Every structure is written in C-alpha cells, then in structure tokens.
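Keep the structure open as you read.

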2 protein chains.
Amino acid sequence: MNARKQSQFEERARIIKAMAHPSRLFIVDELARGERCVCEITALVGADISTVSKHLSILKKAGIVADRKEGLMVYYRLKTPCIMQFFGCVESVQKANGGGRRAACCARGGR
Amino acid sequence: MNARKQSQFEERARIIKAMAHPSRLFIVDELARGERCVCEITALVGADISTVSKHLSILKKAGIVADRKEGLMVYYRLKTPCIMQFFGCVESVQKANGGGRRAACCARGGR
DNA sequence: GATCTATTTGGCTATATTGCCAAGCAGTTG
DNA sequence: CAACTGCTTGGCAATATAGCCAAATAGATC
C-alpha cells in the first residue's frame, strides 16, 4: 500500500471512527430531526454533560456537525446530512446477516 | 434513551467500528474487486500476517466478509457488498468539508 | 462587576484497540 | 507419519478511547 493510498484510507477511517460510538450515532440521528442545544442532547443521551460535549467535539472535528452559539446556548446541527446514509449502509449489513428481512441492496436471487 | 434504542445503536456502532480502521477499509476496498486469500491481502496491506488475520476476523464477526477454505488457503470475500456504500458516504463528508469538489448529496445552492 | 447559566477543557482512571512475536492448528506432500 | 505451508490464536506492551469530576470559560442578568 503506497503512501497516497495509506493517507487516503486513514482520512476515511478518521471520519468513520467519529461515527463508531452508540452515543454519537444517537446524537447524529437526533440532529437529523433538527438543531438541538447541548443541554437537550445531554438529556436525551443520559450521560454527563462533559461527556456529551466531548462527543460533540469529536463529531465536529470530523466535519459531521457544526455549531452555532446563541446567547448562553450552543446549538448543534448536521453539517453533512448525507451522513444519514450511514444508517442505511449499516442496516443493509444487519439485514443481510439474518436480520429478518433482506436488505434491498444486498438481496440475492439464489440460495 | 430507552433500552431498545440503546441496543439498536450499540449494534450499529459495532458494525461501523469494524470499518473504523485504515487497513480494514483497504481490505474491504480490495475485496470489492474479488475474492482474495489471506496471503494476497497480507502482501497488499504490508503488515504481519497475524495482524491481517485479526483484521479479517473482526470484519467477519461484523458480518462484512465471509471466508472459504480451499486446500491450504483461506479465501475472503465481501459478504455484504452494500458495505461499499460506506465509501460513498465518507467521500460525501470529505467533499462537503473543503475537499475541493462538492458532494452531490450535500451540495447546497447558497452560501 | 458579582453572580448565575450553559458549555468546554483538564485530569484522571478504566477499558479497548493495535500490532508484533511465538506457539498452535489444519491441510498437503513426500 | 514427519515435515512443510497457510492461517489463526494467545500473550504482551504500547497506544487510544471513554466517562466521570472538577475547574475554567463565555455570555446573561442583577
């Protein structure tokens, strides 16, 4: 694997890593419904606010969310709504692995 | 977050985690071109064979790849080719974040 | 400007991941 | 069945991640 490919895959992994946590997936899923302030997200996630803040900064650093300050509150939103396609990808894998119904994209005729 | 949602997101994170490593992304990308034996993948990745074998077992456990033994060799293949959509998702995020060209799915009119 | 509120950051410990080496295992060949 | 090949597993040390508490910061209100 040459250096160019190497760093290309590292960059991709960096973004995927940001999504590789249940709380962060939950946050992204919630933000898909609209802008939320940190306190709202914290209540929904049910963890310490400092923990949630760190999750948000990880998502932000990956370029997945963006924030906006208004008064005392900080509102987060999806910066790249296409990130929601991740859920579809994952579901396809789940369904393809005995998740009951077949995934549309992976369904096969035979066997 | 209730228990049902919790375990749903944990399950999703488990699959995404399996993709959250440069070498594993590279392996998936390579397998998209066809079946490969462990020795071929090892040569391409350029790591110890035991390391590659562990990466493969992680992908297998996540239901992303499947294997087949033939003589002494073990051949791996994509079990859920839809996993390739991940690359599209990630690229969209990259492009949306100053990656030069705009991502088709995230492109916006204004600003 | 003191105080309050919403959030971020630092520090820490617990846990998970990574990657190498060495050892084990399963087929193959002589 | 001994020796070899291709791969997997166990063990370990280095590094990264997670989540809590406490302290710091930024803006609002009195």
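Which element gives the largest share of the surface near DNA strand C? That element is α4(A), with six residues. The model is predicted: local features need pLDDT of at least 70, side-chain atom pairs count only at pLDDT 80 or more, and totals for chains, interfaces and linings use all residues. Residues are numbered from 1 along each chain as its sequence is written, while chains are lettered from A and ligands numbered from 1 in the order in which they are written.

- Two or more residues each come from α3 (38-45), α4 (49-61) and β3 (73-78) of chain A, and from α4 (49-61) of chain B.
- Helices are DSSP runs of H or I, at least four residues; strands are runs of E, at least two.

**Chain pairing**
- A rotation of 180° with 0.0 Å of shift along its axis superposes chain A on chain B (RMSD 0.0 Å), by least squares on C-alpha atoms of residues with pLDDT of at least 70 in both.
- That is the relation of a two-fold axis.

**Helix crossing**
- The axes of α1 (residues 3-19) of chain A and α2 (residues 22-31) of chain B come within 8 Å and cross at roughly 110°. Axes are lines fitted to C-alpha atoms over the stretch in contact, with angles from 0 to 180 degrees between N-to-C directions.
- α1(A) and α2(B) are therefore roughly perpendicular (65 to 115 degrees).

Conventions. Parallel < 35°, antiparallel > 145°, perpendicular 65-115°, else oblique.
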